[in-house]
Amino acid sequence: MGLDSAALLALAGVAAGLVGSMAGLASLFSYPALLAAGLPPIAANVTNTVAMFSTTVGAAGGSRRELRGQRARLLRLGLMAVLGGSLGAVLLLTTPASTFELIVPWLIALGSALLLFRDRLREAADGRSRTRRSPRSALPVALAVLLVGVYGGYFGAGAGVLMLAVLSVSVTEPLPITNAVKNVATGAANVTAAVAFAFLAPVDWLAAAALGAGALVGSWIGPSIVRRLPERPLRIVIALAGFGLAAHLWFSAI
């Protein structure tokens, strides 16, 4: 890998870490950067999963204020996310590459749509959360976290947005806290898949190192921005870019 490719991946990593910690769509920057560096789709996906471990580390470090008192909650969510991430990794490793190339654009489009309409999802979640939850509501939330973990272990673009919607339904709290918990929960699924890929999949370690270094920086900064700035314009731009990327990958695969 040349210096130009390493620089591209590091810059893409900063953008991925920043956007991932704020909005949950890190792969919209990191995955195409890996493709541009010359990695085939499967290798790009598993390398991306390994590299995005640093996003979890950076986001958790930058969200220490929001994560105080959340240990028990994080353990419960993390357990379900780890199980889901493991299942997603198995699914990816047993899926033919040609099928994966056709599925990826739809996953990216789904993540972009969820990001674009996140405000409406949150409004609906807020309306529901005003009604006192029954003890039985914990099971649907746990299953939803499990499914998001499966998706995160399989590909992950938009997994953060899905997790944010699930968490918004389960509890009412300030956005920075929900966002911080979302970063750790999705990170648990990602880390589980990354461990499996490190031993069983064609990870490009140089590319993962360059991408991960940038992601660590971006993800550490992201939580502080969530505390201070409105993110709607950024989400709209990312969502539209995601739709464009999905269309490009679809036409390239068929």
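Student: Is Gly 62 buried or exposed?

Tutor: Gly 62 has a relative accessible area of 11%. The model is predicted, so local features need pLDDT of at least 70 and side-chain atom pairs pLDDT 80 or more, while totals for chains, interfaces and linings use all residues. Residues are numbered from 1 along each chain as its sequence is written, and side-chain values use heavy atoms, without hydrogens or water. Buried means under 20%, exposed over 50% and partly exposed in between (1.4 Å probe, protein chains only), so Gly 62 is buried.

Student: Which residues does Gly 62 touch, leaving out those up to four places away in sequence?

Tutor: Gly 62 sits in helix α4; helices are DSSP runs of H or I with at least four residues, strands are E runs of at least two, and both are numbered from the N terminus. A contact requires heavy atoms within 4.5 Å. On that basis Gly 62 touches Trp 220, Pro 223 and Arg 227.

Student: Which element gives the most to the nonpolar patch?

Tutor: Patch residues have over 30% relative accessible area (Shrake-Rupley, 1.4 Å probe, with only the protein chains shown as cover) and no salt bridge; nonpolar side chains (Val, Leu, Ile, Met, Phe, Trp, Tyr) are joined within 5 Å, like charges within 9 Å. Val 14, Phe 53, Val 57, Leu 216, Val 217, Trp 220 and Ile 221 make a patch of about 570 Å². Two or more residues come from α4 (53-62) and from α12 (205-228). With 4 residues, the most is given by α12.

Student: What volume does the largest cavity have?

Tutor: A cavity is a set of points on a 1 Å grid over the protein atoms alone where a 1.4 Å probe fits but cannot get out, with lining residues having an atom within 4 Å of a point. Its 25 lining residues include Ala 26, Met 52, Gly 156, Thr 186 and Asn 190, the closest to its centre. The largest share of the lining, 6 residues, comes from α11. Counting the space filled by probe spheres set on the points, the volume is about 320 Å³.

Notes:
Salt bridge = Lys/Arg side-chain N within 4 Å of Asp/Glu carboxyl O. 1 Å grid on protein atoms, 1.4 Å probe; cavity = no way out; pocket = protein on both sides within 12 Å on 5 of 7 lines; lining within 4 Å.
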